[in-house]
Amino acid sequence: MESGNKIGSSAHPTSLLPPVRGGGSSGTLGRHLARRLVEIGVKDVFSVPGDFNLTLLDHLIAESELNLIGCCNELNAGYAADGYARAKGVGACVVTFTVGGLSVLNAIAGAYSENLPVICIVGGPNSNDYGSNRILHHTIGLPDFSQELRCFQTITCAQAVVNNLDDAHELIDTAISTALKESKPVYISISCNLPGIPHPTFAREPVPFFIAPKVSNQLGLEAAVDATADFLNKAVKPVLVGGPKLRVAKAQEAFVELADASGYPIAVMPSGKGLVPEHHPHFIGTYWGAVSTGFCGEIVESSDAYVFVGPIFNDYSSVGYSLLIKKEKSIIVQPNRVTIGNGPSFGWVFMTDFLSALAKKLKRNSTAMENYRRIFIPPGMPLKHGDDEPLRVNVLFKHIQEMLSGDSAVIAETGDSWFNCLKLRLPENCGYEFQMQYGSIGWSVGATLGYAQAAKEKRVIACIGDGSFQVNDIIFI
């Protein structure tokens, strides 16, 4: 069973915190939001100042456990929060009303596609301007302040417009807890005049909230495990394939437990690279249809039963929907559902519970692994590079491969970097991140900043094409 997430406070006594600029009570909306961010694990907030968020930023700066990182533009701030969330589990960015909010949209959409909880905070209009029919700057010139909100509704799992202190506490806490539960971005707009005003609901330290664990339907779990075990135990050469939703399900350890118990070879979908341990003795490579790692595609597609754990079958990952796999031979394990071939589908069965229980029911079967070892030929090494030759890509990536260790992480940009980085063999504990679902060029530049800030113990190696780098290179200037 997935463990619950207890968001505990490690706050110092209020009296020891530095005062917010301009004085005032510490029982304020700004103070509460700052403490909530610290409690959920955010230590760094990526921001672009604007006149609608300046007061809020003062309160975030005043929080001793928060580090405010100014970015050159909102898109980079959003990408940095995305990269931070990949390493820390949650990220946050702060921008200003409409001009900032619409600029960060692309980054938040990418975080949504990758199931990353990013708290996107926007400094909103003065609460007294709502309903006044006034036209404000930083808007398109209409007395309607909902344009930004409407844009965010399709790319966030929750939205909170805070323009009244009476319900601010509830709106903020609900949005943040929803981001953590759904593993998706949320949008919080805070009126620019409210962060520093004392209110009784913020008079004390935030009470740590408890996110209830997701518990599988026990009867459904047992039925799913029995049906799957019966299916796999009859197979001659089954295989396991890990996908990108292993992250959102927090099921990497359960996946390895199943691999160890079953003896099946394990492959990874291209979008799941970094989530399956490549140092594992049963690892056979990346399954990507016609462009799979050598001999991996043959083993997967010749299998009579394949278990896809957390897959996303889109046009990229399926090589234009050309995968030679048959539905009747497949078991699809999603974060909360298991589907067996053309037959039964079991809902409210969570991935971690299912994989751990299945590991105890399977007969060990190493036939497919033995087949792989029989046909496998180690890849050739590139010829030595001459001093007077242009640098070849395969030689470059040979050197990058030699740089990798458990203390490093790879950030791969959309395009050629995808294909070359997918050939890298990741050592144990080596991080790997890329954005295969959304594929926004320039993402990796901001994401490198965020990931490196969150994982300071890692040496981050970013592989970025020059065109993509030029989109957002200003962040490093």
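A: Let's start with Ala 368, which sits in helix α12, residues 367-375. This is a predicted model, so keep that in mind throughout. Is Ala 368 buried or exposed? The relative accessible area of Ala 368 is 3%, and since anything under 20% counts as buried, Ala 368 is buried.

What does Ala 368 touch, if you skip residues up to four places away in sequence? The partners are Lys 237, Pro 238, Val 239, Pro 265 and Ile 299. For a distance to go with that, take Lys 234: Ala 368 and Lys 234 are 134 residues apart in sequence, while their C-alpha atoms are 14 Å apart in space.

Among contacts in the protein chain with a separation of 6 or more, 74% are between residues 24 or more positions apart.

Ser 271 is another residue worth a stop. Ser 271 belongs to the loop between β10 (266-268) and β11 (283-286), and with 18% relative accessibility it counts as buried. Leaving out residues up to four places away in sequence, Ser 271 touches Pro 244, Phe 434 and Met 436. Trp 418 is 147 residues from Ser 271 in sequence, and the C-alpha to C-alpha distance between them is 9.8 Å.

The buried ones are Met 351, Thr 352, Asp 353, Phe 354, Leu 355, Ser 356, Leu 358 and Ala 359. Their cover includes the helices α7 (218-233), α8 (246-249) and α9 (252-262), plus the strands β12 (306-309), β13 (330-334) and β14 (337-340). Over in α13 (residues 393-403), Val 395, Phe 397 and Ile 400 are buried, and the cover there includes α14 (416-421) and β18 (459-463).

Most residues other than glycine have a negative phi. Trp 348 isn't a glycine, yet its phi is positive, about 55 degrees. Trp 348 is placed in the loop between β15 (345-347) and α11, and is partly exposed at 47% relative accessible area. Val 319 is in the loop between β12 and β13, and at 30% relative accessibility it counts as partly exposed.

The whole structure has 20 salt bridges. One of them pairs Glu 63 with Arg 35, with 2.8 Å between the closest N and O atoms. Glu 63 is in the loop between α2 (54-62) and β3 (67-70) and Arg 35 is in helix α1 (residues 29-39), so the pair ties together parts that are 28 residues apart in sequence. Both Glu 63 and Arg 35 are buried. They also belong to a network of salt bridges that links Arg 31, Arg 35, Lys 43, Glu 63, Glu 65 and Glu 205.

Asp 82 is buried at 0% relative accessible area, and Arg 86 counts as buried at 9%. Glu 278 and Lys 273 make another salt bridge, with the closest N and O atoms 2.7 Å apart, and both of these residues are buried as well.

Zooming out to the protein chain as a whole, there are 38 positive and 45 negative side chains, and the centres of the two sets lie 6 Å apart. The secondary structure comes to 16 helices and 18 strands. The radius of gyration is 24 Å, close to the 23 Å that the globule rule gives for 477 residues, so the chain is as compact as a globular protein of that length. The C-alpha trace spans about 75 × 70 × 45 Å along its principal axes. Of the 477 residues, 54% count as buried, and the accessible surface is about 20200 Å², with 54% of that belonging to carbon and sulfur atoms.

Conventions
Residues numbered from 1 in each chain as written. Predicted model: local features only at pLDDT ≥ 70, side-chain atom pairs only at ≥ 80, totals over all residues. Heavy atoms only, no water. Helix = DSSP H or I, 4+ residues; strand = E, 2+ residues; numbered from the N terminus. Rg over C-alpha atoms; globule rule 2.2 N^0.38 Å. Buried < 20%, exposed > 50% of the residue type's maximum accessible area, 1.4 Å probe, protein only. Contact = heavy atoms within 4.5 Å. Areas by Shrake-Rupley, 256 points an atom, 1.4 Å probe, with all protein chains shown as cover. Lys, Arg positive; Asp, Glu negative; His and termini not counted. Charge placed at Lys NZ, Arg CZ, Asp CG, Glu CD. Salt bridge = Lys/Arg side-chain N within 4 Å of Asp/Glu carboxyl O.
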